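The following report concerns a single structure and a few of its residues. Please refer to the sequence and the model shown below.

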Amino acid sequence: MDAFSTSFVADSGGKSQKLAISGTSAQSTTLTPPLSGSGAISITVNTDAFMRYDTNPTALVDVDRLLLAGVTYRVSLGGSGKIALITSGGSGNAYITQEW
């Protein structure tokens, strides 16, 4: 049996967003880390998707970072920006949570 551990800080909530994703690039709302200028998010997709992070990103299939369905990724952010996601044809959702 495989065992794994997941940890997170329990807080008051309201730090997550659900983003519909498809074969057209979709953007999250702006993510702004605290004054230190850096922070992290957790992101889970329910269908394979490609991700890009920038101030006004457009995700591209087969070029940007691949996120596999059902895996939660912890992503460090180097400043304010948006997550863009695209699938290679299917549709689904991404769940993005700020960890600050």
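Gln98 touches Lys15, Leu31, Ala40 and Ile41, residues up to four places away in sequence not being counted; contact denotes heavy atoms within 4.5 Å. The model is predicted, so that local features need pLDDT of at least 70 and side-chain atom pairs count only at pLDDT 80 or more, while totals for chains, interfaces and linings use all residues. Residues are numbered from 1 along each chain as its sequence is written, and side-chain values use heavy atoms, with hydrogens and water left out.

Between Gln98 and Ala40 the C-alpha to C-alpha distance is 6.4 Å, although 58 residues separate them in sequence. Gln98 lies in strand S8 (residues 92-98), and Asn93 is also found in strand S8; strands are DSSP runs (E, at least two residues) numbered from the N terminus. With neighbours within four places in sequence set aside, Asn93 is in contact with Lys18, Leu19, Ala20, Ile21, Thr44, Val45 and Asn46.

Accessibility is classed as buried (under 20% relative accessible area), exposed (over 50%) or partly exposed (in between), using a 1.4 Å probe and protein chains only.

| Residue | Relative accessibility | Class |
|---|---|---|
| Leu66 | 41% | partly exposed |
| Gln98 | 23% | partly exposed |
| Asn93 | 18% | buried |

Leu66 belongs to strand S5 (residues 65-67). Together with Leu68 and Val71, Leu66 forms a nonpolar surface patch of about 220 Å² accessible area. Accessible areas come from the Shrake-Rupley method with a 1.4 Å probe, and for residues only the protein chains shown count as cover.

Notes
Patches are made of residues with over 30% relative accessible area and no salt bridge: like charges are joined within 9 Å, nonpolar side chains (Val, Leu, Ile, Met, Phe, Trp, Tyr) within 5 Å. A salt bridge is a side-chain nitrogen of Lys or Arg within 4 Å of a carboxyl oxygen of Asp or Glu. Helices (H or I, at least four residues) and strands (E, at least two) are DSSP runs, numbered from the N terminus.
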